[in-house]
Amino acid sequence: MRKPGHRSRAAVAIAAAAVLGLAGCDASGGEGTAARSSTASARPTPVWNPSPRSIAAVGDSITRGFDACAVLSDCPEVSWATGSDVGVDSLAVRLLGATGAAERSWNYAVTGARMSDLAGQIAQAVPKKPELVTVMVGANDACRSTTSAMTSVDDFRDQFQDAMDVLRASLPRTQVYVSSVPNLKRLWSEGRGSPLGKQVWKLGICPSMLGDADALDAAATRRRDKVQARVEGYNRVLKEVCAKDRRCRFDGNAVFDYRFGAAQLSQWDWFHPSRNGQARLAEIAYRAVTAKDPVT
């Protein structure tokens with residue numbers, strides 16, 4: 001799959017700032033300080049709003065609904081984050097209603113994207129001034145041709161921090177929901193019993209984990225364990241970076257821990273979420289976003 005080019009942190013931050021004209025705007029999309037009414041209530045605004053009025057989604061193929069409707073195809077209408085499919089009941093629909101989701105939610109995720117692409121996607125979302133940004137990315141950083149090609153944990157951290165910096169440079173009050181990276185080893189375990197799924201895997205889906213799917217020798221086991229350990233490292237990064245931002249909520253590894261089964265996996269590749277799986281992701285996100293307190 002083609003992967004979008006990566007922009008530098010400085011370039012995307014400058015571009016986003018230019019679009020918003022930061023000198024005259026506050027971070028929540030309202031007017032600047034000079035325009036605020038002197039009679040405004042002194043009541044402090046809660047740090048986390050469980051009812052955001054607009055949503056932008058960034059990430060990879062999962063947020064694009066890849067392989068949920070047709071083989072090797074995006075299907076954004078079933079996206080857990082912004083989709084319109086009634087059966088999925090996406091996060092946007094749950095929070096905004098069907099009409100509101102159609103008017104005030106945007107999907108900037110790209111199939112094949114890695115963490116290095118996140119800052120660019122966020123820069124695209126900034127002009128919409130979303131009140132909530134959903135993030136689900138990292139699987140493709142581990143799903144490489146070989147384990148040596150996987151994104152290092154340190155680089156993953158730097159890239160995620162860069163992306164958050166781009167957002168905060170323009171929208172310091174926008175809330176962020178961060179999903180953990182799914183348990184790739186469990187997806188391999190579930191899908192390896194499907195002959196069709198294994199044929200689709202050979203087309204290049206997550207070769208570091210899914211390659212030689214039936215191999216159970218020591219080398220194959222070490223390879224899969226290394227991928228799994230890298231995913232766990234990524235999830236620690238997502239938790240730690242998010243924890244430094246009071247308007248960011250990590251899912252507490254809820255997606256990683258979710259036990260995807262046959263009903264939740266694509267009937268074509270047995271790896272990406274099906275409509276049912278997308279609905280489960282929407283449930284997890286909705287619980288995290290509307291909870292009184294963040295998951296720890």
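A: The sheet is open and is formed by five strands in the order β2-β1-β3-β4-β5, with parallel pairing throughout; two strands are said to pair if DSSP finds at least two bridges between them. Because β2 and β5 (248–250) stand at the edges, each with a single partner strand, one side of each has no neighbour in the sheet. On average, and with direction ignored, neighbouring strands are turned by 15° against each other. Strands here are DSSP runs of E with at least two residues, helices are runs of H or I with at least four, and both are numbered from the N terminus.

This is a predicted model, in which local features need pLDDT of at least 70 and side-chain atom pairs count only at pLDDT 80 or more, while totals for chains, interfaces and linings use all residues. Residues are numbered from 1 along each chain as its sequence is written, and side-chain values use heavy atoms, with hydrogens and water left out.

Strand β1 (residues 55–59) pairs with β2 (residues 105–107) in the parallel sense over three bridges, and I55 has S105 as its bridge partner in β2. Five of the five residues of β1 are buried, where buried means under 20% relative accessible area with a 1.4 Å probe, counting protein chains only, exposed means over 50%, and partly exposed lies in between. In a regular strand the side chains alternate between the two faces of the sheet.

Helix α2 (residues 91–104) lies across β1, β2 and β3 (132–136), and runs at about 90° to β2; axes are lines fitted to C-alpha atoms, for helices over the stretch in contact, and angles run from 0 to 180 degrees between N-to-C directions. Helix α2 also meets helix α11 (residues 275–290), the two axes coming within 7 Å and crossing at roughly 65°. In this contact, which means heavy atoms within 4.5 Å, L91, R94 and L95 of α2 meet A279, A282, E283, A285, Y286, V289 and T290 of α11. These residues divide into seven nonpolar, one polar and two charged, with Ala, Val, Leu, Ile, Met, Phe, Trp, Tyr, Cys and Pro counted as nonpolar, Asp, Glu, Lys and Arg as charged, and the others, Gly among them, as polar.

Helix α9 (residues 218–243) lies across β4 (175–178) and β5, running at about 150° to β5. The axes of α9 and helix α5 (residues 153–170) come within 10 Å and cross at roughly 35°. The crossing of α5 and α9 is right-handed, the term for a near helix turned clockwise from the far one by less than a right angle. Among the residues that meet there are F156 and F160 in α5 and Y234 and V237 in α9. By class, the contact of α5 with α9 has nine nonpolar, two polar and three charged residues.
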